[in-house]
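Colleague: I am new to this structure. Please take me through one part of it closely, the place where the two chains meet.

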Amino acid sequence: MIKKIFFQLIFFNFFFLKEVFAAENGGMPQLNPEFWISQIFWLTLTFGILYMVLSKLILPKISANLESRKFQIQDNIEAAEKQREDSESKLKEYEEIVFKSKLEAKKIFKDSREKVIKDINNKKETLEKQINEEIKKTEKEIEVVKKKAPEKINKIAIETSSELVKKIIGAEINNSSISAIVDDLSKKNRSRYYGN
Amino acid sequence: MATNPMTQFEVYRIGPEIKIGIFDISFTNASLFMVISSIAILIVFNLGAKKNLMLPNKLQLLAEISYSFVSKMISDTAGSKAKPYFAFIFSLFMFVLFCNMFGMIPYTFTVTSHIIVTFVLAAFVFIGVTIIGFIKHGFGYLKLFVPSGVPIVLLPLIVIIEIISYLSRPISLSVRLFANMMAGHTMMKVFGGFVVSLGILGGWLPLSFSVALTGLEILVAFLQAYVFAILTCIYLNDALNLHH
């Protein structure tokens with residue numbers, strides 16, 4: 001049933017299809033010269049006005065707009081370029097300053113180091129001199145003490161031996177006799193005690 | 001429902017009959033669409049040229065892109081000497097383009113689908129180019145018909161061929177545009193008629209064709225305007241820079 005309706009529909013459609021091609025009354029309207037003059041007239045008129053207005057009013061404006069924008073962009077690019085160059089030269093200057101100041105700092109450091117080293121050396125020398133003097137002084141003193149030492153020892157020996165004798169014997173003995181003995185002994189053993 | 005696909009090209013009077021002498025210059029539907037196209041062009045480009053913004057708005061961008069497009073087309077094909085004729089070629093391109101595009105709107109009239117219109121446009125170009133050629137080169141412009149490096153025996157034949165090809169320029173230029181527009185619109189009408197006659201069951205196929213054809217026709221509308229303008233440039237190039 002559905003199939004039948006379907007085929008009927010398609011079949012009837014072909015009846016209408018005939019009408020698509022049916023109307024054949026006069027061929028191409030383009031070749032009918034009835035309105036040719038009118039079309040030529042209106043085309044010339046509208047196109048002429050269009051051309052006049054476009055060429056005199058609108059196109060120069062568009063061209064001026066484009067030109068001015070181009071110039072503006074060019075100017076901006078140039079300004080940007082200039083500023084970039086400026087900043088580059090500034091950067092170079094800055095780098096130079098930094099370099100110079102670095103050199104200066106190095107110099108100052110070196111100078112002060114040399115100065116300090118000099119000072120230290122000077123002080124060292126003076127100190128060494130002082131020390132040497134002190135050493136000499138003390139050596140002299142020692143020498144003096146050394147020279148005086150045997151007499152003192154003799155004295156001490158005499159005193160201690162007189163004390164000892166007193167304690168042991170209980171009687172006092174003449175100092176001079178004791179000193180004579182001590183002197184004698186010390187002279188004998190001098191080389192053994194003092195080495196010269 | 002289904003009508004003759006040619007009826008869309010019929011010209012009829014709008015308003016009273018105007019006559020100058022024996023000539024009938026009544027305002028017709030063709031005249032109406034010429035006026036509409038011209039006014040549309042003027043409005044679009046006037047608005048586009050009005051403001052000069054650093055960052056162009058859409059209309060300004062459209063106007064400026066069209067300007068540089070045509071300008072580049074002319075300088076590429078005809079060189080820098082063709083600059084004075086820029087306005088003419090620009091108007092020609094825009095007029096043909098807008099007429100073609102207005103024709104793509106359903107129930108409108110396509111001005112450029114009439115041989116007389118395209119022929120008059122081509123005649124403008126042909127006569128203008130010939131006059132420019134004679135002004136620039138004097139009678140030396142006739143050297144255009146005598147190509148260099150051709151054997152003398154063949155020369156008469158070649159000159160005749162060249163003259164015929166030169167004279168057929170306005171015909172080929174006008175017929176190309178007219179035939180393209182007419183064929184496209186006729187075909188769309190025929191497919192539209194198929195959609196109606198095949199009804200809801202069979203109509204989908206021609207409908208889809210019709211949709212595809214609409215896209216194609218919009219492309220053709222642009223392309224034919226471009227071809228018309230670029231051929232004008234090439235003819236102008238022949239007149240300005242005599243190569244032969």
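Colleague: To begin, what pattern does chain A follow when read along the sequence?

Modeller: This is a predicted model. Read along its sequence, chain A runs α-α-α. That is three helices and zero strands. Buried residues are 9% of the 196 residues in chain A.

Confidence comes next. The mean pLDDT of chain A is 83. Of its residues, 83% reach 70 or more. Among the elements of chain A, helix H2 (residues 36–169) has the highest mean pLDDT, 92. Helix H1 (residues 2–22) of chain A has the lowest, 55. Over residues 17–24 of chain A, pLDDT stays under 50. For that stretch the model has ten contacts beyond four places in sequence.

Now the partner. Chain B has seven helices and two strands. Its pattern along the sequence is β-β-α-α-α-α-α-α-α. The C-alpha trace of chain B spans about 65 × 55 × 45 Å along its principal axes. Of the 244 residues of chain B, 36% count as buried. Take the contacts in chain B between residues at least 6 apart in sequence: 66% of them join residues at least 24 apart.

Here the chains meet. The contact takes 38 residues from chain A and 47 residues from chain B. On the chain B side, the elements that give two or more residues are strand S2 (23–24), helix H1 (29–50), helix H2 (58–78), helix H3 (86–103), helix H4 (115–137) and helix H6 (169–202). H1(B) gives the most to that side, with eleven residues. By class, the residues on the side of chain B that touches chain A are 29 nonpolar, 15 polar and three charged.

Two packed helices are described by the angle between their axes and the distance between the axes. For H2(A) and H3(B) the angle is about 125 degrees, and the axes are 9 Å apart. H2(A) passes H3(B) in a right-handed crossing.

Start with B:Ile74, in helix H2 of chain B. B:Ile74 counts as buried because 25 C-beta neighbours lie inside 10 Å, and the cut-off for buried is 20 or more. Leaving aside neighbours within four places in sequence, B:Ile74 is in contact with B:Ala82, B:Phe86, B:Ile89 and B:Cys233. B:Asn237 is 163 residues from B:Ile74 along the chain. Their C-alpha atoms are separated by 9.1 Å.

Then go to the loop between H3 and H4 of chain B, where B:Tyr107 lies. B:Tyr107 counts as exposed because 5 C-beta neighbours lie inside 10 Å, and the cut-off for exposed is 12 or fewer. B:Tyr107 also has a positive phi of about 70 degrees, although it is not a glycine.

Key: Residues are numbered from 1 along each chain as its sequence is written. Chains are lettered from A and ligands numbered from 1 in the order in which they are written. This is a predicted model: local features need pLDDT of at least 70, side-chain atom pairs count only at pLDDT 80 or more; totals for chains, interfaces and linings use all residues. Helices (H or I, at least four residues) and strands (E, at least two) are DSSP runs, numbered from the N terminus. Two residues are in contact if their C-beta atoms, placed from the backbone, lie within 7 Å. Ala, Val, Leu, Ile, Met, Phe, Trp, Tyr, Cys and Pro count as nonpolar, Asp, Glu, Lys and Arg as charged, and the others, Gly among them, as polar. pLDDT is the predictor's confidence in each residue, from 0 to 100. Axes are lines fitted to C-alpha atoms, for helices over the stretch in contact, and angles run from 0 to 180 degrees between N-to-C directions. A crossing is left-handed if the near helix is turned anticlockwise from the far one by less than a right angle, and right-handed if clockwise.
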